[in-house]
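Visitor: I have a new structure open on my screen and would like a friendly walk through it. Could you help me read some of its details?

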Amino acid sequence: MSTFSDASGVITPLPKVRRPTGFSGVVPAFAFVGIFFVVPVAILLLRSVLEPVPGLENYAQLIGSATYLKIFANTFIVSGLVTVISLLIGFPVAWALAIMPGRLTSVIFAILLLSMWTNLLARTYAWMVLLQRTGLINKMLIGMGLIDQPLALVNNLTGVTIGMTYIMLPFIILPLYGVIKKIDPSTLQAAALCGANRWQCLTRVLLPLAMPGMAAGALMVFVMSLGYFVTPSLLGGTANMMLAELIAQFVQSLVNWGMGGAAALVLLVVTLSLYAVQLRFFGNQNPGGR
């Protein structure tokens, strides 16, 4: 019990502070989430089945239109490519960061964080300059004799994939680094002593132990790519529209909240399904094998 001593030296016990217990302790948090997240999403999804007329007409239009199906295909193809490429690039970088000296690791982390803190619009415009027909990348490829004519790297899904991969790389490198750093080096040494070569150490020891981090990073990148707006709209153009651009067009240009809500619900269902799959297969695994 806490006590308090006044100027006369009399010790007086302080009253106990009653702390919230049970469900009452999380009511403010649930109220905040409900008011600012659940209610707006619920209203938007209700409008998808109530406007312009009650029913599932909006969803029928989304599924029955070849144009909308192409937009869905663009979204999932680009998101999948960005996720796979980010994994292929991010895993070696995360492994290198885990085994590098501390000072060099700090420098590379500073570069990663600086790229994340740089304005997204500025980074996208920089990629527009680099990828255009007269940009630095095409000039370098022509100067090295690899191509004769400039490549079309903007206003298509190629440019969108390149730009989004660059933006998403830190979001997969950081979780992977945290998982790989926790892996006990003696595990790999034990595998080598038992006769495993480098490839077997990688595929049978390191990759399985790092799988929870890979799954978490891949899910984060894929879900963020599904809802990305700025980079696809600038590097892809209207001919290569993705789902976030379609929702923005429904709401801002066409003022069609019903179709916008229907497209948003599809995106939400896909996101929650992927999260459920990730929890089902990787939710109980202990990162780093500890």
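Guide: Gladly! Let's begin with a term: helices here are DSSP runs of H or I with at least four residues, numbered from the N terminus. Please keep in mind that this is a predicted model.

Visitor: Is Val255 buried or exposed?
Guide: A residue counts as exposed when its relative accessible area is over 50%. Val255 has 54% relative accessibility, so Val255 is exposed.

Visitor: What is the phi of Val255?
Guide: Most residues other than glycine have a negative phi. Val255 is not a glycine, yet its phi is positive, at about 50°.

Visitor: And where is Asn155, and what is its phi?
Guide: Asn155 belongs to the loop between helix 6 (136-143) and helix 7 (157-182). With 51% relative accessibility, Asn155 counts as exposed. Asn155 is not a glycine either, and its phi is positive, near 60°.

Visitor: Which residue caps the N-terminal end of helix 7?
Guide: Look for a side-chain oxygen that lies 3.2 Å from the backbone nitrogen of Thr158.

Visitor: At which residue does helix 7 bend?
Guide: Helix 7 has 26 residues and spans 37 Å from first to last C-alpha, close to the expected 38 Å. Its axis still bends by about 40°, with Pro170 following within four residues of the bend. The bend is at Met168.

Visitor: Which backbone atoms lie within reach of the side chain of Asn138 in helix 6?
Guide: Asn138 is in helix 6 and is buried, with a relative accessible area of 0%. A polar atom of its side chain lies 3.1 Å from the backbone oxygen of Gln132.

Visitor: How far apart in space are Ile43 and Gly261?
Guide: Ile43 lies in helix 1 and is partly exposed at 47% relative accessibility. Ile43 and Gly261 are 218 residues apart in sequence. From C-alpha to C-alpha, they are 9.0 Å apart.

Methods. Residues numbered from 1 in each chain as written. Predicted model: local features only at pLDDT ≥ 70, side-chain atom pairs only at ≥ 80, totals over all residues. Heavy atoms only, no water. Helix = DSSP H or I, 4+ residues; strand = E, 2+ residues; numbered from the N terminus. Buried < 20%, exposed > 50% of the residue type's maximum accessible area, 1.4 Å probe, protein only. Expected span 1.5 Å × (residues − 1). Bend = angle between axes of the 7 residues up to and from the residue. Polar contact = N/O pair within 3.5 Å; in protein donor to acceptor, adjacent residues only side chain to side chain.
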